[in-house]
Amino acid sequence: MRQTFRDFAVTAVATLTLAACTGDGRSAGGFAGSPTTPETRPAVALVAYDSCDAFLDEVQHLASRLLTIPAPIEPALGGTTSGVLERDGSPSGAASGVPEAAPGSTRAAPTEADRSADAGPAWGGTNLQEEGVDEPDVVKTDGGRLLTIAAGKLWSFALSAGLPAPAGSITLPQGGGVLLVDGDRALVLTTSYQPVPTDDPATRMIAPADVTTHLTLVDVSDPAAMEIAGTAELQGALVDARAVDGMVRVVTSSAPPRLDHVDRAAAGSSESLQRRTREAISRTDAQAWLPRYAVRDRDGGVVEQGPLVDCASVLAPPEPAGLGMVNVASVDLRADTLKPTGDTSILGAGEIVYASSSALYVTTTTWPDEQSGTVSRTAIHKLTIAGRDPAAYVASGEVDGQLLDQFSLSELNGDLRVAATETVGVARPDDAPRSEQFPPAATTQSALTVLRQVGAELRPIGRVDGLGRGEQIRSVRFLGHTGYVVTFRQTDPLYTIDLRDPTAPRVVGELKIPGYSSYLHPIGDGLLVGIGQDATPEGRTTGLQLSLFDVSDPAAPTQLQKLALPESWSEAEHEHHAFLWWPPESLAVVPVTNYGFGRPDGSFAPPFVGAIGFVIERGGIVERGRLTHPAPAWGARVPAAPGCEPGAGCATPLPAPSDPGIVSPSPGVDGTPIERAVVVDGALLSFSEAGVKASDLGSFADLVWVPYP
């Protein structure tokens, strides 16, 4: 069977068609011993290489296998990291070197460590999936002071009776990002895309970018004089991060290195081009394939750099899914330095990150070959994050199908609950015309599986399937021993699943209504709020809707009320941090955007850009008030992507961040999108790229408006 791998980067002036052949009789050789024997080790369990020679041999062989090069295009592998790696993979301005693992060494899997259940971040205010497990966001507050990222700066506000007063700001080197805070230390995480300069229009369409995750440590002890205490760079894009008790686990996804230039014209034929490409692969050394890091001082000078992990810390499944790596690094915000500790790198892609207070899970989807009609599968890798120790790999498991987001995963009493949508394609007949659409049909269903760690395996111990046949999961929420799954094609079935016996989960209730909820939030008293889209009976979405569900009786869920906002949408539909629930007032604040599009009946929904507050109680949903922020001048010029000289042709396959202070709404629409809202001392604070507003919590009347300069 051939598998197409999505994590292999197309780079430089080349297009690669990537496929992994699993039938060549070669496994991921050169591995050290694993916690279980080959007979009992699960198929997706990760094992370590026993030496750098074994690691290099495997990645070179895999790279050669993955390349099928259509002439007349030059080959190359993935991008490097600007400021961390040179083109040949050696560190900038320093001698290269790779710490080599002792031959035959193994990396033992540590045991699960106990952790205080009440450990949590020093600052609150973020809508978190798990209590005590902090997530990066653009606003953090402890009720006495507030930090937010906007307009390319980190801003500090003093809070007196909930009213924000600017205390200071500091320009961020990369112009933005997301934020984690512990005491007087703030960590800003940013991904930058350094475009490759080129004047060739064709190259601009396929050229790579050097992708780097930047960590900026800011001393916020004096809000009026915040200082950058240091920076670090990790090769690859930020996937996500979690923090428990000031210990940050950063997950990145890095591409393989670029090869030496291969001249297509000189190669002549496709066969010669492939041979020269494989020769370029053979000239690489082990350190070129390892993700790298650099640590800089307050002045920006490099004080330390090198491979983020050694060869023995690279793990791979028996059949590696591509040449990219997902990397887990730890940063202790209570340590003296910002130096990231490279914990583990996994050969393959990293897609979804979920964490409890003691374990971190990373997922990778394996996509089926169109010819086979097989299903996609999701591998799940578990690492312990006990105390201040490095994250350590312990086990892997696998489920059929694809996960939606982090809420598709939930750990309770050591068991992992996983909700996934399975798609079974129909294999194309051998004599079918290639022009015929494929797949001609597909069957979908969703399932909830409970995994339990047994040795190095996350072993399925319970499963319920058949959810939403012909539909896809749109939202998931696990609350204690109950799971809620929403699927959608034309209607919105809300399933309630009893998980009290993890070995025998069962559907106990189902509610079918038009539309769907893409985010579910518990509000107490057996009530659940859904944020999503209303829809016609035929399944065409018509605009934002809030749904109030009574799930106090899991066997008979009911919809108490639905409030529709035609032709509108909300950031809270796909970003749970944008949703505010304030229990003392039974108040939900939701960003809403409507640019005044026409309705199906020919009328027009009035435009609105801002946020709306709703009082939500068992008696129903009542709008309390609306917030808006002023709009910037229309037609503001967006600057060129970083790294591009004026007039130069620069290619950026992934969006390069522009100046975050520039917002370009549609002409005639008055307002800047509101991204977040928090409540402090009886005042409602809302945030946009234009500024911060304080409003009265009861009337939503304006109290203070603080624009960003």
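Predicted model: local features only at pLDDT ≥ 70, side-chain atom pairs only at ≥ 80, totals over all residues.

Me: What makes C52 and C311 a disulfide?

Reply: Their sulfur atoms are 2.0 Å apart. The cut-off is 2.5 Å, so the pair qualifies. The structure holds one disulfide. The angle about its S-S bond is 100 degrees, and the link is right-handed.

Me: Why say that the C52 and C311 pair ties parts together?

Reply: C52 lies in helix α1, residues 52–66, while C311 lies in the loop between β17 and β18. Those parts are 259 residues apart in sequence, so the pair ties them together.

Me: Is C52 buried or exposed, and how do you know?

Reply: C52 has 4% relative accessibility. Buried means under 20%, so C52 counts as buried. C311, at 0%, is buried by that cut-off too.

Me: Why is Q60 called buried?

Reply: Q60 is at 17% relative accessibility. The limit is under 20%, so Q60 counts as buried. Q60 lies in helix α1.

Me: What makes the approach of Q60 to I281 a polar contact?

Reply: A polar atom of the Q60 side chain lies 3.2 Å from the backbone oxygen of I281. The distance cut-off is 3.5 Å, so the pair falls within it. For the backbone oxygen of S282 the distance is 3.4 Å, again within 3.5 Å. Q60 touches I281, S282 and T284, leaving aside residues up to four places away in sequence.

Me: Which residues have the most contacts inside the largest nonpolar core?

Reply: They are F55, L215, V248 and W289, in a core of 39 residues. Helix α1 gives the largest share of this core, eight residues. A second, separate core has 23 residues, including Y519, L565, A572 and F608.

Me: What makes D134 and K140 a salt bridge?

Reply: Their side chains meet at 2.8 Å, N to O. The cut-off is 4 Å, so the pair counts. D134 has a relative accessible area of 2%, and K140 has 0%. Both values are under 20%, so D134 and K140 are buried.

Me: Why are R145 and D184 called a salt bridge?

Reply: The closest N and O atoms are 2.7 Å apart, and the limit is 4 Å. R145 lies in strand β7 and D184 in the loop between β10 and β11, so the pair ties together parts 39 residues apart in sequence.

Me: Why is D184 called partly exposed?

Reply: D184 is at 39% relative accessibility. Buried needs under 20% and exposed needs over 50%, so D184 falls in between. R145, with 16%, is buried.

Me: What makes R334 and D182 a salt bridge?

Reply: Their closest N and O atoms are 2.9 Å apart, and the cut-off is 4 Å. R334 lies in the loop between β19 and β20, and D182 in strand β10, so the bridge ties together parts 152 residues apart in sequence. R334 has a relative accessible area of 45%, so R334 is partly exposed. D182, at 9%, counts as buried.

Me: How many salt bridges does a search of the whole structure find?

Reply: The search finds 28. D137, E571, E575 and R676 are linked in a network of salt bridges.

Note on methods
Residues numbered from 1 in each chain as written. Heavy atoms only, no water. Helix = DSSP H or I, 4+ residues; strand = E, 2+ residues; numbered from the N terminus. Buried < 20%, exposed > 50% of the residue type's maximum accessible area, 1.4 Å probe, protein only. Polar contact = N/O pair within 3.5 Å; in protein donor to acceptor, adjacent residues only side chain to side chain. Contact = heavy atoms within 4.5 Å. Core = buried A, V, L, I, M, F, W, Y, C linked by side-chain atoms within 4.5 Å.
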